[in-house]
Amino acid sequence: MFPELNNLLNTTPDRAEQGKLTLLCDAKTDGSFLVHHFLSFYLKANCKVCFVALIQSFSHYNIVGQKLGVNLTMARERGQLVFLEGLKSAVDVFFQAQEKPHPLQFLREASAGNLKPLFEFVRVALKPVDSGAAGWTYPVLLVDDLSVLLSLGLGAVAVLDFIHYCRATLCWELKGNVVVLVHDSGDVEDEENDILLNGLSHQSHLILRAEGLATGFCRDVHGQLRILWRRPSQSTSQRDQSLTYQYKIQDRSVSFFAKGMSPAVL
Amino acid sequence: MTLSEGARAGTRKLEMLDSLLALGGLVLLRDSVEWEGRSLLKALVKKSALCGEQVHILGCEVSEEEFREGFDSDINNRLVYHDFFRDPLNWSKTGEALPGGPLGALRAMCKRTDLGPVTIALDSLSWLLLHLPCATLCQTLHAVSYQDSCPPGDGSPVGKVHVLGLLHEELHGPGPMGALSSLAQTEVTLGGTMGQASARILCRRPQQHPTDQTQWFSILPDFSLHLQEGPSKEFQPQSDPHIPLVDPMAHLTFNLHLSKKEREARDSLTLPFQFSSEKQEALLRPRPSQATSHIFYEPDAYDDLDQEDPDDDLDI
């Protein structure tokens, strides 16, 4: 969790908004620091988190999590974190006999073409339990990242449907949150990815867009972050809805500053 | 704002919503990620409900609660929400899925319209377009929006039908967009500059030239429309690339370009830091005046100098 980013978004783990879809998007840079931020943010907020990790292994997220002050192994053991490790379980789809559909069943059945098993997995993982012992505040789904699903052969509409159901179940029914990362292919013409990105943009309440600098790589400024709030236009003046900051990723934190105001430049 | 200006703004406000609803048929609201159109859709729904029309909403993108939020109970009572948000593909198997899907619901709505004017809001058309073949959707839309022009089977008069379709522009290629545009009577494209929302309204009246106008507006928390003056001209060049920009070189206090003569003069000048053989010789040659130098001293006119005790000012 990066306190500076919390300040920019005007939120803390104690008083985060509920029922929201947050879209993380990266173009010409790596936006995974945003995923790590939200993972540690919601674990600290005492939420029940389902993390669909299709990009990295559990140990990778665990190492970064430890730097940010959360222990994923412990969170998983006490049932706060449900971790779907895509890299490992993709193999299980092929080599293990399953009595019930695997979350990534679409890898095996090209004809299915939908993500219903994955949604079922999320729904079961985040279903509120009556035992009351754990007492997690609200459910959160994190996906890193959705563009991989397109590369694995799914259509944009199938992925949009999956998020639609997650939104209907988590954001609306259970008053939880959904955070997803999508890459922006930018200049490369990728029609499916554009549909996915724009479709999600229209559904999301908050868009965080990390962009590489137009001028190229720089040692002291790693990129810029655009924050776009998609509230209905009346609740705030339009001018405040979009902000742009530049950032530098450090070992355990990220520092944000106004455009052109890097300490290294001044 | 003076009273007369307020009244004028009031009539113009009516004009904008009225002109959108005047024609009937399909009204396309084309929005983008930065300029969302659901608020305008809700403003139009409110307007129709206040006129006493029955309003059907085909909700595929937001929950019923979220759509009804901000309306008072009077208006909410007139809204019929067809919920395709919770379980549009029947994954949850709650049994609440409406038979026939969204198109079936649309067709059912047009059968019910024999009572009076009806407004059907599609939230959103983009969702339908992503899930249904474009041709089927267009045929259904055409059947629904123009049913007042064909005589109904039982001979009873059919009221005017408004179909309001929210369409997210970025999601669709030129083909489906063109098909829907040609079907629409009125097209509203949302945009804006400098934090100010604008709507470009293209109306196609039968047997008339299409009209094209731009309105600047904001939508108040109760979903009524507030028309505004557009941003002043100097902020508009972003919105229209064809307006020539002001020449930034017009009123400079210095020259950006040199004439040929000036350039020659500049090239022939020796700058102080340039070292040449003449300069070297001049520096090495001993100067004749160096031996006999003088010091000129002129006392300050107001200096209080005491001739008898020159050290007076030292205060010993």
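Lys175(A) is partly exposed, with a relative accessible area of 44%. In this predicted model, Lys175(A) sits in the loop between α8 and β5 (177-183) of chain A. Its backbone has a positive phi of about 55 degrees, although the residue is not a glycine. Lys28(A) also has a positive phi without being a glycine, with a value near 55 degrees. Lys28(A) belongs to the loop between β1 (21-27) and α2 (32-44) of chain A, and its relative accessibility of 71% makes it exposed.

Two peptide bonds also deserve attention. The one from Asp144(A) to Asp145(A) is cis, with omega near -15 degrees. Asp145(A) is in the loop between β4 (139-144) and α7 (147-151) of chain A. In chain B, Asp123(B) and Ser124(B) are joined by a cis peptide bond whose omega is about 5 degrees. Ser124(B) lies in the loop between β4 (118-123) and α6 (125-131) of chain B.

Which residues of helix α5 (residues 86-95) of chain A are buried? They are Gly86(A), Ser89(A) and Val93(A). These residues are on the same side of α5(A) because they cover an arc of only 75 degrees around the axis. Lys88(A) and Phe95(A), on the other side of α5(A), are exposed. The cover over the buried residues of α5(A) includes β2 (48-53) and β3 (81-85) of chain A.

Helix α8 (residues 156-173) of chain A also holds Arg167(A). Arg167(A) is buried yet has no salt bridge. How far away is the nearest side chain of opposite charge? That side chain belongs to Glu66(B), and the distance is 5.5 Å; a salt bridge would need a side-chain nitrogen within 4 Å of a carboxyl oxygen. Not counting residues up to four places away in sequence, Arg167(A) touches Leu21(A), Trp172(A) and Gln203(A) in chain A, together with Glu61(B) and Phe85(B) in chain B.

Those last contacts lead to the interface. Chain A and chain B bury about 2700 Å² between them, 59% of it on carbon and sulfur atoms. Chain A contributes 29 residues to the contact and chain B contributes 34 residues. The count of salt bridges between chain A and chain B is 1. Arg226(A) forms a salt bridge with Glu34(B), and the closest N and O atoms are 3.0 Å apart.

The last stop is an arginine in chain B. Arg204(B) is in the loop between β7 (196-203) and β8 (211-219) of chain B, and is partly exposed, with a relative accessible area of 28%. Although Arg204(B) and Thr186(B) are 18 residues apart along the chain, their C-alpha atoms are separated by 6.2 Å. Arg204(B) touches Leu23(B), Ser181(B), Ala184(B), Gln185(B), Glu187(B) and Pro210(B), with residues up to four places away in sequence not counted.

How values were computed. Residues are numbered from 1 along each chain as its sequence is written. Chains are lettered from A and ligands numbered from 1 in the order in which they are written. This is a predicted model: local features need pLDDT of at least 70, side-chain atom pairs count only at pLDDT 80 or more; totals for chains, interfaces and linings use all residues. Side-chain values use heavy atoms; hydrogens and water are left out. Buried means under 20% relative accessible area, exposed over 50%, partly exposed in between (1.4 Å probe, protein chains only). Helices (H or I, at least four residues) and strands (E, at least two) are DSSP runs, numbered from the N terminus. The arc is that of the directions from the helix axis to the C-beta atoms. Contact means heavy atoms within 4.5 Å. Lys and Arg count as positive and Asp and Glu as negative; His and the chain ends are not counted. Buried area is the accessible area (1.4 Å probe) that two parts lose on being put together, summed over both.
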